[in-house]
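Q: Could you take me on a close look at one part of this model, the nonpolar core and what packs around it? I'd like the cut-offs spelled out as you go.

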Amino acid sequence: MRAFREAVEAGDLDAVEALLAKDVVFTSPAVLKPYTGKAITAAILRTVAQVFEDFRYERELAGSDGRDHALVFTARVGDRELSGCDFIHVNEDGRIDALTVMVRPLSGAQALAAAMGARFDEITKEAEARSGTS
């Protein structure tokens with residue numbers, strides 16, 4: 001998804017959030033249960049943007065129906081390098097309704113999980129503030 005890629009690469013997280021469907025489902029590489037909703041997904045993505053260093057997309061793949069996309073990336077978390085893929089599905093309105101992230105190797109995934117886990121209280125507070133529930 002070109003708009004998502006361009007927004008991420010530009011660091012325009014408001015534009016990223018605008019591309020998310022209200023009921024988007026985010027599946028993390030570190031947590032079994034997916035997160036549902038625009039507010040929590042946006043808060044997670046904002047934090048990931050702070051945690052990842054030297055982030056760059058390497059490749060973009062698209063399904064024949066135009067609704068499925070894969071963006072292959074590389075990044076660093078501390079001294080751990082990782083590669084990964086954002087699997088994106090868009091709904092009939094062109095908004096992202098499913099975002100699944102996978103990363104490797106295990107040491108990179110562990111570094112990412114630790115960095116995000118350390119910030120999860122902040123993520124939750126931001127999501128609550130954005131959804132108007134706090």
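A: Let's start in the middle: the largest nonpolar core holds 37 residues, and those touching the most other members are Phe-4, Ile-44, Phe-52, Val-77, Ile-88, Ile-96 and Leu-99. A nonpolar core here is a set of buried Ala, Val, Leu, Ile, Met, Phe, Trp, Tyr and Cys residues joined through side-chain atoms within 4.5 Å. Two or more residues come from each of α1, β1 (20-27), α3, β4 (68-77), β5 (80-90), β6 (96-104), α4 and α5 (120-131), and α3 is the top contributor to this core with 8 residues. Helices (H or I, at least four residues) and strands (E, at least two) are DSSP runs, numbered from the N terminus.

Before going further, the ground rules: this is a predicted model, so local features need pLDDT of at least 70 and side-chain atom pairs pLDDT 80 or more, while totals for chains, interfaces and linings use all residues. Residues are numbered from 1 along each chain as its sequence is written, and side-chain values use heavy atoms, leaving out hydrogens and water.

Now pick out Phe-52. Setting aside neighbours within four places in sequence, Phe-52 is in contact (heavy atoms within 4.5 Å) with Phe-73, Ala-75, Arg-76, Val-77, Leu-82 and Leu-112.

Leu-112 also turns up where two helices meet: Ile-44, Thr-47, Val-48 and Val-51 in α3 meet Leu-112, Ala-115 and Met-116 in α4. By type, that contact has 6 nonpolar residues, 1 polar and no charged; Ala, Val, Leu, Ile, Met, Phe, Trp, Tyr, Cys and Pro count as nonpolar, Asp, Glu, Lys and Arg as charged, and the others, Gly among them, as polar. The axes of α3 (residues 38-51) and α4 (residues 106-118) come within 10 Å and cross at roughly 120 degrees. Those axes are lines fitted to C-alpha atoms over the stretch in contact, with angles from 0 to 180 degrees between N-to-C directions. So α3 and α4 are oblique to each other (under 35 degrees is roughly parallel, over 145 roughly antiparallel, 65 to 115 roughly perpendicular, and the rest oblique).

Zoom in on Thr-47, which sits in helix α3. Thr-47 has a relative accessible area of 7%, so it is buried (under 20%; exposed is over 50%, partly exposed in between, with a 1.4 Å probe and protein chains only). Beyond neighbours within four places in sequence, Thr-47 is in contact with Met-116, Arg-119 and Ile-123.
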